[in-house]
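Please view the sequence and the structure below before reading on.

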Amino acid sequence: MELERKFCRFDAAVTMTDGCMIEGYASRFGQCDQGNDVVASGAYAASLDRLMTSGGAVKMLWQHDPAQPIGIWDEVREDATGLYVKGRLLDSIARGREAAALVAAGVIDGLSIGYRTKAATKDRQGRRVLTELELWEVSLVTFPMLPSARVAAKGEAPELADLREMARLIDEARQTLVDG
């Protein structure tokens, strides 16, 4: 079974403070993404329990690249909304500093999970409902899959408006392609 990825963009739910601390939701329960998947509440519970018992950790990666860890997730937990993450970008490594700058500038505005599906069902609308997932990593990404979500970074510079507009147009074009 191959590792799957689920992208999620946030609606002012992810914030960055002190230039390296980030927090927000890497996954939201009950929302259908562009892959026609819905993550059910409790889908991460067994995986998080296994990680805690074994002393393991969910990795923080750059764009799902296992060769590019960029930080540490200090807190990963489920709540009523979804999979909440809180961690630190490592400013002692170049990619961590770059990620912090891109998030602060609003250029990078998504998180994505890397996981294996352990259990899933189909609902009446034909969507895949993910009921148990084995969580491997949460990455900062350029193009997330859940359109209802956005990242909020503190202190966006006004000169980044053109980049934001370009990202919005790319997102719109991608959505048009997905919708057919």
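Among contacts in the protein between residues at least 6 apart in sequence, what percentage join residues at least 24 apart? The share is 69%, where a contact means heavy atoms within 4.5 Å.

## Basis and confidence

This is a predicted model, in which local features need pLDDT of at least 70 and side-chain atom pairs count only at pLDDT 80 or more, while totals for chains, interfaces and linings use all residues. Residues are numbered from 1 along each chain as its sequence is written, and side-chain values use heavy atoms, with hydrogens and water left out.

The predictor's confidence in each residue, pLDDT, runs from 0 to 100. Its mean over the protein is 81, and 69% of the residues reach 70 or more. Over residues 148-163 pLDDT stays under 50; the model has 41 contacts beyond four places in sequence for this stretch.

## Overall architecture

The protein has three helices and nine strands, in the order β-β-β-β-α-β-β-β-α-β-β-α from the N terminus. These elements are DSSP runs numbered from the N terminus: helices are H or I, at least four residues, and strands are E, at least two.

Of the 180 residues, 39% are buried, that is, under 20% relative accessible area with a 1.4 Å probe, protein chains only.

## Helix H1

Helix H1 spans residues 45-54, and its buried residues include Ser47, Leu48 and Leu51. Because the buried residues fall within an arc of 95° seen down the axis of H1, they line one face of the helix; the arc is that of the directions from the helix axis to the C-beta atoms.

The cover over these buried residues includes strands S6 (65-78), S7 (82-89) and S9 (128-141). Gly55 follows H1 and has a positive phi, near 80°.

Note on methods: Buried < 20%, exposed > 50% of the residue type's maximum accessible area, 1.4 Å probe, protein only.
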